[in-house]
Amino acid sequence: KILPYLNLNKTTSKRKEKTKDLSSSSLLDLYIKTKEFILYAIKFEIQKKGIDASEKNGDRPEYKLNRLKASKLREENQVDHTGEKSIFGQLFQKSKDNFKIYFKNDAQDYPFRATFLGEGGYDAGGLFRETIDQVCNEIQSENLPLMIKTPNNKNSFGQNREKWMINPSATSPTHMEMFEFFGVLIGMSIRASNLLALDLPSFFWKQILSDPLEKQDLKNVDAYCFQCVEDIINIHTKGIGVENFHTVMDEKFVTRLSDGTEKELLEGGKDKTVTFENREEYVKLLLQCRFDESDKQVKAIQRGIFKIVPAHLVKIYSWRDLEYKVCGKPEIDVKLLKKITRYEGCSEDDEIVKMFWKAMEEFTDEQRALYLRFVWGRSRLPIYSGNEGREFNHKLTIKHCGNPDQTLPEGHTCFFQVDIPRYSTLEIMKEKILYAITFCQVIDTDDDAFETWEEEQIVSNTQISHQLQT
């Protein structure tokens, strides 16, 4: 009931911009502190009503994407600073003047059709999902300049070692446009529940929401820096005072950002020594510097998000809500996958089906994610409420062939379907499935894909079991 009276477009009164309306500001701060305790379903319903009442777009252009070019970028360890070679970059260039195509309210209403040059397949959803999944992989790689590994990741210390965070050194005009497009993709996910396979820390999600950051958020990405802060603040508990502080601490008013760049905390900071008396000022400036190190990039991402979803419909969420809304759960729930599976030419009581679920249970989360991408073009299951349509049904069929133990399974990503041969043992089934989901990534149709790749002029003549059909 209080939401209509809150201006969620503003930051909290604790941040740089202070509102003149103190009562409104206090109420806003109170909501931000307590919104995590409001049921997700309530916030989701508010957002859904707002989105349903907003502008929609029926366009669905066809985008031709060159995956060979993106593959060469990875193989040569290049960084796509101009946004032209990666799949993210190609998609950015093609849609940067038409972000309205992302005004979709349904996960089945895709904003564009993807065509992979030199590969077969007609996009009935599978190629779109494959594109978005590959874009997420690129964002969390060194082939794009947008994100970097957290210091905890690079140092193999502390929590969230698998996470990525914003690169404060990515500051060129093109980088800013790319960050904005990253925001557009997040907005698309919020709006239409097209999940993004991202591993980003609380630090990122709070920045997007303009929620206040805390020392714990710093610890989650840079445990070394956090420990330094704690040691300096509490150094008096170890018997260190004014007289002997200099014997154990030799620091200037400088810090290193997440990308390793050294930055002064104030003018002349490299010449100002940290003392026992000014250590609290040092810590305050250090935290503020680290919390604000990627403000420009965050604002660009926010611009992109808010072009697709109004700010107040995003900021109703807590950071955990927003991460869940955009990314879903990284773990593949086998029970849920089994619950939504429909069978054709077999039943759940068949031995081959029981063998399949046994294999799924024995696979790691990473292998299950590869399987999901093989049969659906995405690496995470969407948020499931039980009301989803046919697209959310995982279909398992039996593949009839002369020698099952020598045959790979087939994935049909447009239909969320897998065709499984009648393997003779569980070990053979696991071996064939793992081979297919690991190595069969090129999209092809029943016939040879005999096309000329644009620019590279390389002929693809590949037959492979991973098929996308309509």
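Modeller: Ile352, Met355, Phe356, Lys358, Ala359 and Glu362 in helix H17 meet Leu426, Met429, Lys430 and Ile433 in H19. Helices (H or I, at least four residues) and strands (E, at least two) are DSSP runs, numbered from the N terminus. This is a predicted model, in which local features need pLDDT of at least 70, side-chain atom pairs count only at pLDDT 80 or more, and totals for chains, interfaces and linings use all residues. Residues are numbered from 1 along each chain as its sequence is written, and side-chain values use heavy atoms, with hydrogens and water left out.

Biologist: At what angle do H17 and H19 pack, and how far apart are their axes?

Modeller: Two packed helices are described by the angle between their axes and the distance between the axes. Here H17 (residues 351-362) and H19 pack at about 60 degrees, with their axes 10 Å apart. H17 and H19 are therefore oblique to each other.

Biologist: Where do Tyr435 and Phe439 lie?

Modeller: An α-helix has 3.6 residues a turn, so residues three or four places apart point the same way. Tyr435 and Phe439 both belong to H19 (residues 426-439) and are four residues apart, about one turn of the helix.

Biologist: How many aromatic pairs does the structure hold?

Modeller: Rings of Phe, Tyr and Trp (its six-membered ring) pair if their centres lie within 6.5 Å; planes under 30 degrees apart count as stacked, over 60 as edge-to-face and the rest as tilted. The structure holds 19 such pairs. One of them is edge-to-face: Phe245 and Phe276, at 6.2 Å centre to centre with 70 degrees between the planes. Phe245 lies in helix H11 (residues 245-248) and Phe276 in the loop between strand E6 (262-264) and helix H12 (279-291), so the pair ties together parts that are 31 residues apart in sequence. Both Phe245 and Phe276 are buried, which is defined as under 20% relative accessible area, with exposed over 50% and partly exposed in between (1.4 Å probe, protein chains only). The rings of Tyr435 and Phe439 have centres 4.9 Å apart and planes at 45 degrees, so that pair is tilted. Tyr435 is partly exposed, at a relative accessible area of 45%, whereas Phe439 is exposed, at 57%.

Biologist: Why is helix H8 largely enclosed by the rest of the structure?

Modeller: Eight of the eight residues of H8 (residues 202-209) are buried, so the helix is largely enclosed. Among them are Phe203, Phe204 and Trp205.

Technical notes: Axes are lines fitted to C-alpha atoms, for helices over the stretch in contact, and angles run from 0 to 180 degrees between N-to-C directions. Angles under 35 degrees count as roughly parallel, over 145 as roughly antiparallel, 65 to 115 as roughly perpendicular and the rest as oblique. Contact means heavy atoms within 4.5 Å.
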